[in-house]
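Below are some notes for a colleague who has not looked at this entry before. Please read them with the sequence and the coordinates open.

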Amino acid sequence: MSYPPLNCPVCRGLLRDFEIRLVGPFRCPTCGEQLQIPSRYYNGLSAASLLISSILSVTMGLRGVILCFVTVILWVPINILGLVVMRSIWPPEIKRYLPKDLRLFQR
Ligand SMILES: [Zn+2]
């Protein structure tokens with residue numbers, strides 16, 4: 001699977017995947033500008049993964065505490081798989097780091 005390249009919005013320098021953080025700020029290796037991915041990207045993905053894992057658990061006929069337990073266990077691989085899929089079909093939008101967006105995330 002080949003991923004579309006991600007560039008710094010400030011200097012257009014290439015950002016490699018291991019240099020990008022999904023949560024919180026990170027620095028552009030070319031210009032040193034603090035960058036971030038809007039928190040709604042990861043929050044939205046996490047919510048969608050949780051929904052999928054809970055639907056799967058209900059479909060398996062699970063109820064009560066076991067249902068909650070299996071939902072959480074399934075959520076982890078679905079979330080990781082979701083990240084890989086999202087990275088290729090809907091790459092994150094990289095923006096200049098704004099501290100107010102971080103406060104929103106930590107609430
Ligand atoms: Zn840059």
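1. Start with Gly82. This is a predicted model, and in it Gly82 counts as partly exposed because it has 17 C-beta neighbours inside 10 Å; a buried residue would need 20 or more, and an exposed one 12 or fewer.

2. Gly82 belongs to helix H2, which covers residues 64-89. Setting aside residues up to four places away in sequence, Gly82 touches Leu45, Ala48 and Ser49.

3. On the chain as a whole, the count is three helices and five strands. Their order along the sequence is β-β-β-β-α-α-β-α. The radius of gyration is 17 Å, whereas the globule rule gives 13 Å for 107 residues, so the chain is more spread out than a compact globule. Along the principal axes, the C-alpha atoms fill a box of roughly 50 × 35 × 15 Å. Buried residues are 11% of the 107 in the chain. Of the contacts with a separation of 6 or more, 52% join residues 24 or more positions apart.

4. The sheet deserves a separate look. Three strands make an open sheet, ordered E3-E4-E5, with antiparallel pairing. Strand E3 (26-27) and strand E5 (95-96) are at the edges; each has a single partner strand, so one side of each lacks a neighbour in the sheet. Between E3 and strand E4 (residues 34-36) there are two bridges, in the antiparallel sense. On the E4 side, Leu35 is the bridge partner of Phe26. As background, strands of a sheet pair through backbone hydrogen bonds, in parallel or antiparallel fashion.

5. The contacts of Leu35 are worth checking in the viewer. Apart from neighbours within four places in sequence, Leu35 is in contact with Cys8, Cys28 and Ile94, and also with Pro25, Phe26, Lys95, Arg96 and Tyr97.

Notes
Residues numbered from 1 in each chain as written. Predicted model: local features only at pLDDT ≥ 70, side-chain atom pairs only at ≥ 80, totals over all residues. Pairing = 2+ DSSP bridges. Helix = DSSP H or I, 4+ residues; strand = E, 2+ residues; numbered from the N terminus. Contact = placed C-beta atoms within 7 Å. Rg over C-alpha atoms; globule rule 2.2 N^0.38 Å.
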